[in-house]
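Welcome to the tour! Open your viewer, switch to a cartoon view, and follow along one stop after another.

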Amino acid sequence: MGGLTNNNGINSQPDEEGEGCMEMVESESLVIRKRSGAYLTWEKLEVVVLSSDGFQSILSGINGYAKPGEIVAIMGPSGCGKSTLLDSLAGQLASNTRNTGQILINGRKLRRTYGTMAYMTQEQALTWTLTVKETIYYSAELQLPKWMPKSEKRERADRTIREMGLQDTVNTRIGGWGVKGLSGGQKRRVSICIQLLTHPKLLLLDEPTSGLDSAASYYVMNQIVKLTRQYNMTVVTAIHQPSTRIFRLFNNLCLLSLGKTIYFGPAFAANQVLLILS
Ligand SMILES: Nc1ncnc2c1ncn2[C@@H]1O[C@H](COP(=O)(O)OP(=O)(O)O)[C@@H](O)[C@H]1O
Ligand SMILES: [Mg+2]
């Protein structure tokens, strides 16, 4: 196990699917790897919390899928199990919980190799005193594999900074708690930027727009949509009360209520289906 381990505990070894699945594409003077995508499925997912007097169900009988180049939005009221579903898909459930069911990527069990998956939790912490550039460069150093030359890591970091529209803020400190720095939207973009550094096939996001106004939320989600298509990523995101404009960006909707799926299907059809169901 010679590789680095990133903040998701994913080993930084080359992708097990191998270079054979990759198509080399020239872009912006950089050679990038256009990889085969990750088709994610989850079936009969159950999660229970263990306690001294037995266990309590948080998720039950959850089914769904996410396709490369598409975004699935997980929606539902607070406490319905959105974060638990993402934790489960990421293999990062809390120690007092147990899950059953099947989570597969391209028909096989998730293997946590470099570039497979990135997960942005809701509470991702950033260091206030660092600038955007320092934050992304250090993350690139930690997350990208040992075999990658430093110059390539820098290039990847600069490119990701541009992709998230952060190029004008590179020398601004993150800030917080009375220290002047980035806006809420810019901080979210830095957090997403960190997750994008490894060009993950599967990106899981927990409420990337929480606390942002509608313009900042749209900007963040729109960038994610563009990158999802560009890198053929599979994206699953929990989102709370999106605007109509943002909702239109989603391909599929997974609507949860009290730990159960009440709708899974095309986002555009959700209105009619829910109307019929009610
Ligand atoms: N590790 C845990 N221990 C105890 N209860 C938990 C744990 N994780 C989640 N829960 C409970 O499960 C329910 C769903 O939580 P969560 O997935 O965070 O909901 P959401 O993200 O939709 O707001 C909540 O009632 C929450 O309190
Ligand atoms: Mg949550």
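**Stop 1: the core.** Start inside. Select A73, I74, L86, C193, L204 and V236: of the 58 residues in the largest nonpolar core, these touch the most other members. Keep in mind as you look that this is a predicted model. There is a general pattern to remember here: in soluble globular proteins, nonpolar side chains tend to be buried together.

Now keep I74 and hide the rest. Which residues does I74 touch, leaving aside those up to four places away in sequence? Select K82, L85, V236, T237, A238, C254 and L256, and you have its contacts.

**Stop 2: the whole protein.** Zoom out and colour by secondary structure. You will find 7 helices and 12 strands. Of the 278 residues in the protein, 36% count as buried. Now think about contacts between residues at least 6 apart in sequence: 72% of them join residues at least 24 apart.

**Stop 3: the open sheet.** Next, select the strands β8, β9, β10, β5, β11 and β12. In that order they make up an open sheet of 6 strands with mixed pairing. Which strands stand at the edges? They are β8 (117–120) and β12 (260–266); each has a single partner strand, so one side of each is left without a neighbour in the sheet. Look along the sheet, too: neighbouring strands are turned by 15° against each other on average, direction ignored.

Select A118 and look across to β9, where L203 stands opposite.

Strand β11 (residues 252–257) pairs with β12 in the antiparallel sense, over 6 bridges. Pick L255 and find its bridge partner in β12, Y263.

Stop 4: Select strand β3 (residues 40–51) together with β4; the two pair in the antiparallel sense over 9 bridges. A hairpin joins β3 to β4 through 2 residues. To see one of the pairs, select L40 and its bridge partner in β4, A66.

Strand β3 also pairs with strand β6 (residues 97–105), again in the antiparallel sense, this time over 8 bridges. Select V47 and look for N99, which stands opposite in β6.

**Stop 5: a closer look at F55.** Select F55, which sits in strand β4 (residues 54–66). Is F55 buried or partly exposed? Count the other C-beta atoms within 10 Å: there are 13. A buried residue needs 20 or more, and an exposed one has 12 or fewer, so F55 is partly exposed. Not counting residues up to four places away in sequence, F55 touches V48, V49 and L50.

**Stop 6: the ligand.** Finish by selecting ligand 1. How many residues surround ligand 1? There are 13, and the closest are I58, K82, S83, T84 and A94. Colour helix α1 (residues 82–90) next: with 3 residues, this helix gives the largest share of the shell. Last, colour the shell by residue type, and you will see 4 nonpolar, 8 polar and 1 charged residue.

Key. Residues are numbered from 1 along each chain as its sequence is written. Chains are lettered from A and ligands numbered from 1 in the order in which they are written. This is a predicted model: local features need pLDDT of at least 70, side-chain atom pairs count only at pLDDT 80 or more; totals for chains, interfaces and linings use all residues. A residue is near a molecule or strand if its C-beta atom, placed from the backbone, lies within 6 Å of it. Helices (H or I, at least four residues) and strands (E, at least two) are DSSP runs, numbered from the N terminus. Ala, Val, Leu, Ile, Met, Phe, Trp, Tyr, Cys and Pro count as nonpolar, Asp, Glu, Lys and Arg as charged, and the others, Gly among them, as polar. Two strands pair if DSSP finds at least two bridges between them. Axes are lines fitted to C-alpha atoms, for helices over the stretch in contact, and angles run from 0 to 180 degrees between N-to-C directions. A nonpolar core is a set of buried Ala, Val, Leu, Ile, Met, Phe, Trp, Tyr and Cys residues joined through C-beta atoms within 7 Å. Two residues are in contact if their C-beta atoms, placed from the backbone, lie within 7 Å.
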